Amino acid sequence: MSVDQKIQPVEGLSMHSDAELAARAKAMEAILVEKGLIGSDAIDYMSSVYENEVGPQIGASIVAKAWTDPEFKERLLADATKACQELGFGGMQGEEMTVLENTPDVHHLVVCTLCSCYPWPVLGLPPNWYKYPAYRSRAVRDPRGVMEEFGLDLPDSVEVRVWDSSAELRYWVLPMRPAGTDGWTEEQLAELVTRDALIGVGDVTRPGV
Amino acid sequence: MDGIHDLGGKHGHGPVVHPPSEPVFGSDWERSVLTMFPAMAMAGAFNLDAFRSGMEQIPAAEYLTSRYYEHWMHSMVLHGTAAGIFDREDLAARTRHYLEHPEEEAPKASKPEQVEALAGLIAHGDDYRREVDAAPRYAVGDTVRVLADASTTHTRRAGYVRGHVGVVTHAHGAYVYPDTHATGEGENPEHLYTVRFTAEELWGAEAGSANTVVHIDLWEPYLTTA
């Protein structure tokens with residue numbers, strides 16, 4: 001994939017080319033390596049964790065467990081940090097987590113207007129759109145309009161609750177289990193749960209519905 | 001700081017462009033920059049709040065037109081220079097060198113103890129909660145108003161809630177206070193609350209704002225009794 005296909009509008013406006021940014025990062029890395037402040041193995045390790053291990057599939061598996069285990073769901077909503085710890089998930093940028101339950105009457109949406117706070121241990125690193133100005137500016141003012149752009153059209157009868165992550169508390173969404181999935185295994189259910197649903201810009205639907 | 005980063009409610013940033021999937025790292029160099037964050041924090045160059053404050057000092061036009069990890073590099077250079085890790089002339093010269101020799105890689109070094117430290121950090125994170133003697137001034141259900149004052153340094157008192165009245169929905173206990181932690185004036189832990197505002201309170205009777213509320217986490221010094 002070329003760089004041009006990956007970039008978003010904000011990146012197309014950048015004053016610096018990808019080559020310039022790569023050169024700056026290399027220069028910084030070289031100085032940090034020479035000063036003994038960073039290891040090449042540390043770079044490989046950390047990037048690999050977020051590329052291969054920690055991502056939205058973790059949040060999806062927790063949601064699937066909550067859908068199939070009412071007692072776990074109760075613990076998750078009461079203290080998400082502790083409930084996630086039971087399953088071995090938690091840590092950096094998710095030291096304290098709160099899970100918000102969607103119902104037929106209430107829909108939650110998560111944003112960080114001031115920077116890009118995001119529950120890393122269960123969703124991984126945030127997608128670019130979550131970090132760029134359009135989402136951060138509009139999610140608190142026009143959440144219904146933003147969700148429509150993601151294909152989620154909520155009637156006015158559903159209350160929208162936006163959560164702006166301004167402290168070291170991290171929020172994410174427990175979507176509603178779609179109808180017609182009785183008897184599905186946790187693994188089957190987890191595959192339905194998207195990153196967008198865990199942020200609240202999307203919903204979970206059964207394939208073909 | 002009343003900077004461009006304080007984006008909540010602003011117009012003019014267009015639709016949310018959301019490709020169905022994208023790589024975790026858009027370019028290889030982003031991998032290095034991600035890891036420089038904990039590496040430089042462990043070296044004492046910044047804490048999380050100072051790091052955010054550094055990004056808020058990016059010139060406004062550049063902030064809106066630069067990539068996410070460019071923001072990170074900006075703050076790292078700012079704090080790294082102040083900490084004596086980077087020298088701007090040296091950094092510029094090396095950057096020119098790598099631009100002219102893009103095939104050349106940065107030098108390699110192994111730091112297994114850093115890999116171990118990172119594994120611990122990723123698994124356990126940091127702890128921003130603090131015990132304080134002071135009792136919380138507000139309780140769940142209280143009506144509060146956010147201070148409308150302007151701000152000259154780092155704060156999490158977002159512009160769009162300033163002067164507005166909301167209801168406390170959660171009282172979390174005391175946490176490191178970002179406003180002083182970012183400027184090197186210490187942790188000064190303060191009670192933290194989640195406050196709920198109706199969309200009508202924040203924006204008026206705007207189209208689409210019916211049946212909508214916004215929650216934001218606010219420290220006690222940001223609030224007054226409404």
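This is a predicted model: local features need pLDDT of at least 70, side-chain atom pairs count only at pLDDT 80 or more; totals for chains, interfaces and linings use all residues.
Tutor: Helices, of at least four residues, and strands, of at least two, are DSSP runs that are numbered from the N terminus.

Student: How many helices and strands make up the secondary structure of chain A?

Tutor: The secondary structure of chain A comes to 13 helices and four strands. The C-alpha atoms of this chain fill a box of roughly 55 × 35 × 35 Å along the principal axes. Of the contacts in chain A with a separation of 6 or more, 68% are accounted for by residues 24 or more positions apart.

Student: What share of the residues of chain A count as buried?

Tutor: Chain A has 209 residues, and 60% of them count as buried. A residue is called buried when its relative accessible area is under 20%. Take A:Arg138, which is found in helix α10 of chain A; it counts as buried because its relative accessibility is 15%, under that cut-off. Setting aside residues up to four places away in sequence, A:Arg138 touches A:Pro143, A:Gly145, A:Val146 and A:Glu149, and also B:Gly14, B:Pro15 and B:Val16.

Student: Which residues does B:Ser75 contact, and is B:Ser75 buried or exposed?

Tutor: B:Ser75 is in helix α4 of chain B, which covers residues 68-82, and with 0% relative accessibility it counts as buried. Apart from neighbours within four places in sequence, B:Ser75 is in contact with B:Ala50, B:Phe51, B:Gly54 and B:Met55.

Student: How should I read the interface of two chains, and how much area do chain A and chain B bury between them?

Tutor: The size of an interface is often given as the accessible area lost when the parts come together. Here chain A and chain B bury about 8700 Å² between them, with 61% of it on carbon and sulfur atoms. On the side of chain A, A:Met28, A:Leu114 and A:Arg141 supply 9% of the area buried against chain B, more than any other three residues.

Student: In which sense do β3(A) and β5 of chain B pair?

Tutor: β3(A) pairs in the parallel sense with strand β5 of chain B, residues 212-219, and the pairing runs over five bridges. As one example, B:Ile216 in β5(B) is the bridge partner of A:Asp164.

Student: Now for the charged side chains: how many salt bridges are there over all chains?

Tutor: Side chains of opposite charge can pair when their charged atoms come close. The count by this rule is 24 salt bridges over all chains, and six are found across the interface of chain A and chain B. In one of these pairings A:Asp18 forms a salt bridge with B:Arg67, and their closest N and O atoms are 2.8 Å apart.

Student: Where do B:Arg31 and A:Glu51 lie?

Tutor: The side chains of B:Arg31 and A:Glu51 meet in a salt bridge of 2.6 Å, N to O. B:Arg31 lies in helix α1 of chain B, residues 29-42, and A:Glu51 lies in helix α4 of chain A, so the pair joins two chains. A:Glu51 has 31% relative accessibility and therefore counts as partly exposed.

Student: How many residues apart in sequence are the parts that B:Arg137 and B:Glu220 tie together?

Tutor: B:Arg137 and B:Glu220 form a salt bridge whose closest N and O atoms are 3.9 Å apart. B:Arg137 lies in the loop between β1 and β2 of chain B, and B:Glu220 in the loop between β5 and β6 of chain B, so the pair ties together parts that are 83 residues apart in sequence. B:Arg137 counts as exposed, at 55% relative accessibility, whereas B:Glu220 is buried, with a relative accessible area of 6%.

Student: Which residues are joined into one network by salt bridges that share partners?

Tutor: The network joins A:Glu168, A:Arg170, B:Asp49 and B:Arg52. Within it, A:Glu168 forms a salt bridge with A:Arg170, the closest N and O atoms being 2.9 Å apart, and both A:Glu168 and A:Arg170 are buried.

Note on methods
Residues are numbered from 1 along each chain as its sequence is written. Chains are lettered from A and ligands numbered from 1 in the order in which they are written. Side-chain values use heavy atoms; hydrogens and water are left out. Buried area is the accessible area (1.4 Å probe) that two parts lose on being put together, summed over both. A salt bridge is a side-chain nitrogen of Lys or Arg within 4 Å of a carboxyl oxygen of Asp or Glu. Two strands pair if DSSP finds at least two bridges between them. Buried means under 20% relative accessible area, exposed over 50%, partly exposed in between (1.4 Å probe, protein chains only). Contact means heavy atoms within 4.5 Å.
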